[in-house]
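Opening the notebook on a new model today. I want to look at a sheet, a residue in it and the core around it.

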Amino acid sequence: IRPDTTTEVSDPVLAGSFTLYPMPASQSVTISCSSPRTHAVDVSLLDASGCTIATTQLLQGSVACTLETSSFAQGYYLVRIKDERDAYNVPLIIYR
């Protein structure tokens, strides 16, 4: 694992490129996209069992949002990026 690694997701359904950083996350993770969103996008943090443990929203017109990760244990998680039609899961590592 390299702390300077960025995970990028390109999905035509979500109409844009999403980047999660830093990777691995410690205190928080930022989800950004290459251009302002035309619709709001729901962003959820899921634990290993698939339960939602945190949520936020990338608002219409925004290019980034942040999920706080400081209260979660080290480990592997999924960030679910979901619009009104589809969802895409991106792996996330929390490490301190």
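My entries below go from the sheet to the core.

I'm working with a predicted model, so local features need pLDDT of at least 70 and side-chain atom pairs count only at pLDDT 80 or more, while totals for chains, interfaces and linings use all residues. Numbering runs from 1 along each chain as its sequence is written, and side-chain values use heavy atoms, with hydrogens and water left out.

Sheet. I found an open sheet of four strands, ordered S5-S4-S7-S8 with antiparallel pairing. Strands here are DSSP E runs of at least two residues, numbered from the N terminus; two of them pair if DSSP finds at least two bridges between them. S5 (52-58) and S8 (87-94) are the edges: each has a single partner strand, so one side of each lacks a neighbour in the sheet. I then checked S4 (residues 41-46) against S7 (residues 75-82), an antiparallel pair with five bridges.

Leu-45. This residue sits in S4, and its bridge partner in S7 is Val-79. Beyond four places in sequence, its contacts (heavy atoms within 4.5 Å) include Ile-53, Leu-67, Phe-72 and Leu-92.

Core. The largest nonpolar core has 22 residues, and Leu-45, Val-79 and Ile-31 are among those with the most contacts inside it. Such a core is a set of buried Ala, Val, Leu, Ile, Met, Phe, Trp, Tyr and Cys residues joined through side-chain atoms within 4.5 Å. S8 gives the largest share, four residues.

Key. Buried < 20%, exposed > 50% of the residue type's maximum accessible area, 1.4 Å probe, protein only.
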